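Opening the notebook on a new model today. I want to go through confidence, charged pairs, surface and pockets, and jot things down as I go.

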Amino acid sequence: TVSVDTTLAEHVASDLARARLPVVIPTLTVRGDTQPALVDFSLGDEVRAVLRDPFMTLGIDVVVRIIGIEYDPGEDGIESATITVNPISDDIA
(Lines give C-alpha, C1' and ligand atoms only; values in the text may rest on other atoms or scores of the structure.)
Protein backbone atom coordinates (compact mmCIF):
# COMPACT_ATOMS: atom_id res chain seq x y z
CA THR A 1 0.00 0.00 0.00
CA VAL A 2 3.08 2.29 0.06
CA SER A 3 3.36 4.48 -3.03
CA VAL A 4 6.05 6.99 -1.98
CA ASP A 5 9.64 5.80 -2.53
CA THR A 6 11.03 7.50 0.58
CA THR A 7 8.37 5.88 2.77
CA LEU A 8 9.17 2.49 1.28
CA ALA A 9 12.89 3.07 1.91
CA GLU A 10 12.12 3.93 5.56
CA HIS A 11 10.16 0.69 5.95
CA VAL A 12 13.02 -1.29 4.43
CA ALA A 13 15.58 0.37 6.73
CA SER A 14 13.41 -0.36 9.78
CA ASP A 15 12.90 -4.01 8.79
CA LEU A 16 16.63 -4.48 8.18
CA ALA A 17 17.53 -2.90 11.52
CA ARG A 18 15.11 -5.19 13.36
CA ALA A 19 16.42 -8.26 11.52
CA ARG A 20 19.97 -7.50 12.73
CA LEU A 21 18.99 -7.86 16.38
CA PRO A 22 20.29 -11.04 18.00
CA VAL A 23 17.79 -13.86 18.36
CA VAL A 24 17.41 -14.83 22.00
CA ILE A 25 15.36 -17.88 22.87
CA PRO A 26 15.24 -18.00 26.66
CA THR A 27 14.59 -21.02 28.85
CA LEU A 28 12.98 -20.99 32.27
CA THR A 29 13.34 -23.72 34.89
CA VAL A 30 10.19 -24.28 36.91
CA ARG A 31 9.98 -26.47 40.02
CA GLY A 32 7.18 -29.01 40.17
CA ASP A 33 6.15 -28.14 43.72
CA THR A 34 4.72 -24.74 42.79
CA GLN A 35 1.40 -23.54 41.40
CA PRO A 36 0.34 -23.79 38.66
CA ALA A 37 1.46 -27.40 38.38
CA LEU A 38 3.76 -28.50 35.57
CA VAL A 39 0.97 -30.58 34.01
CA ASP A 40 -0.95 -27.34 33.51
CA PHE A 41 1.58 -26.16 30.86
CA SER A 42 1.34 -27.19 27.21
CA LEU A 43 3.15 -26.31 24.00
CA GLY A 44 1.69 -23.16 22.48
CA ASP A 45 0.36 -21.80 25.77
CA GLU A 46 0.84 -18.11 26.44
CA VAL A 47 2.13 -17.50 29.96
CA ARG A 48 3.13 -14.46 31.95
CA ALA A 49 6.75 -14.64 33.11
CA VAL A 50 7.56 -12.42 36.08
CA LEU A 51 11.24 -12.49 37.05
CA ARG A 52 12.62 -10.65 40.05
CA ASP A 53 16.31 -10.26 40.81
CA PRO A 54 17.98 -8.02 43.41
CA PHE A 55 20.37 -6.77 40.72
CA MET A 56 17.55 -5.75 38.36
CA THR A 57 15.60 -2.81 39.73
CA LEU A 58 12.55 -3.33 37.51
CA GLY A 59 12.76 -7.06 36.88
CA ILE A 60 11.05 -8.63 33.88
CA ASP A 61 7.30 -8.96 33.35
CA VAL A 62 6.43 -10.27 29.89
CA VAL A 63 3.96 -12.57 28.14
CA VAL A 64 5.66 -15.44 26.30
CA ARG A 65 4.62 -18.49 24.28
CA ILE A 66 5.84 -21.96 25.29
CA ILE A 67 7.69 -23.58 22.38
CA GLY A 68 9.38 -26.45 24.23
CA ILE A 69 9.17 -28.37 27.51
CA GLU A 70 11.68 -30.85 28.94
CA TYR A 71 10.82 -32.62 32.20
CA ASP A 72 13.32 -33.75 34.84
CA PRO A 73 12.18 -36.12 37.62
CA GLY A 74 14.70 -34.55 40.01
CA GLU A 75 17.15 -36.33 42.28
CA ASP A 76 15.42 -34.96 45.39
CA GLY A 77 12.02 -36.29 44.30
CA ILE A 78 10.78 -32.87 43.18
CA GLU A 79 10.34 -32.75 39.43
CA SER A 80 11.13 -29.68 37.37
CA ALA A 81 10.67 -28.57 33.80
CA THR A 82 12.84 -26.50 31.52
CA ILE A 83 10.47 -24.40 29.44
CA THR A 84 11.70 -22.80 26.21
CA VAL A 85 9.78 -19.64 25.34
CA ASN A 86 9.41 -17.07 22.58
CA PRO A 87 8.22 -13.51 23.15
CA ILE A 88 4.81 -12.62 21.80
CA SER A 89 5.27 -10.35 18.76
CA ASP A 90 3.19 -7.54 20.25
CA ASP A 91 5.67 -7.25 23.14
CA ILE A 92 8.68 -6.72 20.87
CA ALA A 93 9.66 -3.07 20.63
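**Entry 1: charged pairs**

I started with Arg65, which counts as partly exposed because its relative accessibility is 34%. My cut-offs here are buried for under 20% relative accessible area, exposed for over 50%, and partly exposed in between, with a 1.4 Å probe and protein chains only.

Before going on, a note on the ground rules: this is a predicted model, so local features need pLDDT of at least 70 and side-chain atom pairs count only at pLDDT 80 or more, while totals for chains, interfaces and linings use all residues. Residues are numbered from 1 along each chain as its sequence is written, and side-chain values use heavy atoms, with hydrogens and water left out.

Which residue forms a salt bridge with Arg65? I found Glu46 there, with the closest N and O atoms 2.8 Å apart. I call a pair a salt bridge when a side-chain nitrogen of Lys or Arg sits within 4 Å of a carboxyl oxygen of Asp or Glu. This pair links distant parts of the chain: Glu46 belongs to strand β2 and Arg65 to strand β3 (residues 56-72), 19 residues apart. I take helices (H or I, at least four residues) and strands (E, at least two) as DSSP runs, numbered from the N terminus.

Next I looked at Asp61 and Arg48, whose side chains meet in a salt bridge at 2.4 Å, N to O. Again the pair links distant parts of the chain, with Asp61 in strand β3 and Arg48 in strand β2, 13 residues apart. Are the two partners buried or exposed? Asp61 is partly exposed, since its relative accessible area is 42%, whereas Arg48 is exposed at 59%. I also checked Asp61 against Leu51: they are 10 residues apart in sequence and 6.4 Å apart in space, C-alpha to C-alpha.

Then came Asp33, which forms a salt bridge with Arg31, the closest N and O atoms being 2.7 Å apart. Asp33 is in the loop between β1 and β2. I get 45% relative accessibility for Asp33, so it counts as partly exposed. Arg31 is partly exposed too, because its value is 44%. The C-alpha atoms of Asp33 and Ile78 are separated by 6.6 Å, although these residues are 45 apart along the chain.

How many salt bridges does the rule give? The count comes to three.

**Entry 2: confidence**

The protein has a mean of 83, and 95% of its residues reach 70 or more. Which elements have the lowest and highest mean pLDDT? Strand β2 (residues 46-53) is lowest at 84, and strand β4 (residues 80-87) is highest at 89.

Elements giving two or more residues to the lining are β1 (27-31), β2 and β4. Which element gives the largest share? That is β2, with five residues.

**Entry 3: strand threonines**

Thr27 lies in strand β1 and is partly exposed, given its relative accessible area of 48%. I checked Thr27 against Thr82: 55 residues apart in sequence, 6.3 Å apart in space, C-alpha to C-alpha. Thr84 is in strand β4 and counts as partly exposed, as its relative accessibility is 21%. Thr84 and Val62 are 22 residues apart in sequence, and their C-alpha atoms are 14 Å apart.

**Entry 4: a nonpolar patch**

Which residues form the nonpolar patch on the surface? I have Val2, Leu8, Val12 and Leu16, with about 330 Å² of accessible area together. Patch members have over 30% relative accessible area and no salt bridge; like charges are joined within 9 Å, nonpolar side chains (Val, Leu, Ile, Met, Phe, Trp, Tyr) within 5 Å. Areas come from the Shrake-Rupley method with a 1.4 Å probe, and for residues only the protein chains shown count as cover. Val2 sits in the segment before α1 (5-19). Val2 counts as partly exposed because its relative accessibility is 39%.

Notes. pLDDT = per-residue confidence, 0-100.
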